Structures are given as structure tokens and as C-alpha cells.
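Dear colleague,

I am handing over the structure below, and my notes on it follow. Please read them with the model open beside you.

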Amino acid sequence: MDYRQAEEDYRRFLQGDEEAFSRIVLAYRAPITAFIGHLINGGADAEDLAADVFVELLEHPGRYRFQSSLKTYLFAIAHHRTMDYLRRSKRECSLDSAVILTSEQGPEKRLLDEEYRHQVQAAWDNLKAEYRMAVYLTAVEEMSYEAAAQVMRKTVRQIRDYCRRGRQQLRRETTEKIGRERVK
């Protein structure tokens with residue numbers, strides 16, 4: 001959904017158009033749920049937390065003031081709800097291997113892909129939470145550094161640094177592991 005369309009739908013919702021709210025939910029439910037799922041290892045809790053994001057939007061319609069895109073606002077709510085959840089449950093973040101790599105090739109290729117997926121997952125798990133969040137928002141959700149900064153309540157410079165450091169660490173750890181495996 002185009003950000004202007006989402007904001008227009010939100011304005012219609014504020015004027016009482018319930019269908020407009022449904023369009024917003026349909027447009028953003030899957031990406032919000034995926035975002036939360038990557039942070040908490042998926043499951044029904046991700047769907048529940050995503051539903052909470054839209055309940056927040058429904059219960060507090062005046063909080064969104066059109067200063068950022070509606071997508072950024074929704075992801076900020078999702079980020080805060082998820083961080084609260086993680087603080088309560090002490091869970092670790094994870095990267096869904098389906099995002100990293102998918103394969104529909106022969107068994108040898110699938111085995112190598114699976115090994116690579118595990119290596120990337122291990123490298124992802126070793127990232128600091130801030131790095132994971134920044135890389136996910138900018139790479140997977142394709143948010144700008146500015147939008148990611150709003151979601152994470154950080155400066156644009158911090159987001160750039162987190163992304164750079166996170167990518168460097170991912171590159172270094174996956175390269176080291178692949179290099180060690182080839183030497184064996």
C-alpha cells in the first residue's frame with residue numbers, strides 16, 4: 001500500500017469509515033506479523049502482538065499525527081510492544097531462514113543451502129539486538145534510515161552505524177565459518 005493511500009484511509013477511518021481501517025489492517029498485518037515473528041521466533045504470540053498493534057491504533061486514534069508515514073508509526077508500535085514482550089519473557093531474537101535463502105534444487109544443493117542457512121542464523125543470533133533490528137527494518141522491510149530511526153527512537157546516524165556494524169559482523173562471521181568449513 002502506498003503511504004499516501006494508507007494515510008488517506010486513516011483519515012477516512014477517523015471520520016468513521018470502518019472499511020478504511022480494514023484496508024489498513026489488510027495492508028500491514030502480514031508485514032507487521034513477520035517483523036514481530038522474526039524478533040520472537042514466530043508462533044501465535046507474533047500474531048497476538050500484531051493484533052495488539054492494530055488494537056492500539058483503534059483505541060488511540062489521536063496518537064498518530066501524520067508526522068511520519070503510517071507504516072513507520074505502526075512498526076514503531078510493533079517495536080515497542082515486542083520489546084515489552086521480550087523484556088517480560090526474556091526470549092532471544094531470531095531470523096527466519098526462509099528470508100535468508102530458499103532452495104528448490106537437488107539434494108546436494110539443498111543440503112549446502114541448509115548448512116549455509118544455519119551458519120547465517122548463528123551469525124544473526126550473535127548480533128546485538130539493536131543491530132538485528134536496524135538491519136531487519138532497512139533490509140527486509142526496506143525502510144529508510146530515517147523511518148527506522150523513528151521506529152527505534154534513535155538518530156539516523158545511530159541507525160547507519162548499527163546497520164554497518166551488523167552487516168560487517170554478519171559478513172565476517174559467515175565468511176569465517178564458510179572458510180573454516182572449506183579448509184576441513
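Over the ring of which residue does the charged end of R11 sit? The charged end of R11 sits over the ring of F66, 4.0 Å from its centre, where a charge counts as over a ring if NZ of Lys or CZ of Arg is within 6 Å of the ring centre and within 35 degrees of the ring normal.

Before the rest, a word on the basis: this is a predicted model, in which local features need pLDDT of at least 70 and side-chain atom pairs count only at pLDDT 80 or more, while totals for chains, interfaces and linings use all residues. Residues are numbered from 1 along each chain as its sequence is written, and side-chain values use heavy atoms, with hydrogens and water left out.

A search of the whole structure finds nine aromatic pairs (rings of Phe, Tyr and Trp, the last by its six-membered ring, with centres within 6.5 Å; planes under 30 degrees apart are stacked, over 60 edge-to-face, and the rest tilted). One of them joins Y10 and F13, whose ring centres are 5.7 Å apart and whose planes meet at 45°, so the pair is tilted. Both residues lie in helix α1 (residues 3-14), three residues apart, about one turn of the helix; helices here are DSSP runs of H or I with at least four residues, numbered from the N terminus. Y10 is buried at a relative accessible area of 0%, and F13 is buried at 13% (buried means under 20%, exposed over 50% and partly exposed in between, with a 1.4 Å probe and protein chains only). Y10 and F13 also belong to one aromatic cluster with F21, Y64, F66 and Y73, so that F66, the ring under R11, is part of that cluster.

A second tilted pair is formed by F35 and Y136, at 5.3 Å centre to centre and 35° between the planes. F35 lies in helix α2 (residues 18-40) and Y136 in helix α7 (residues 129-140), so this pair ties together parts that are 101 residues apart in sequence. F35 is buried, with a relative accessible area of 0%, and Y136 is buried as well, with 1%.

Best regards

Notes:
Helices (H or I, at least four residues) and strands (E, at least two) are DSSP runs, numbered from the N terminus.
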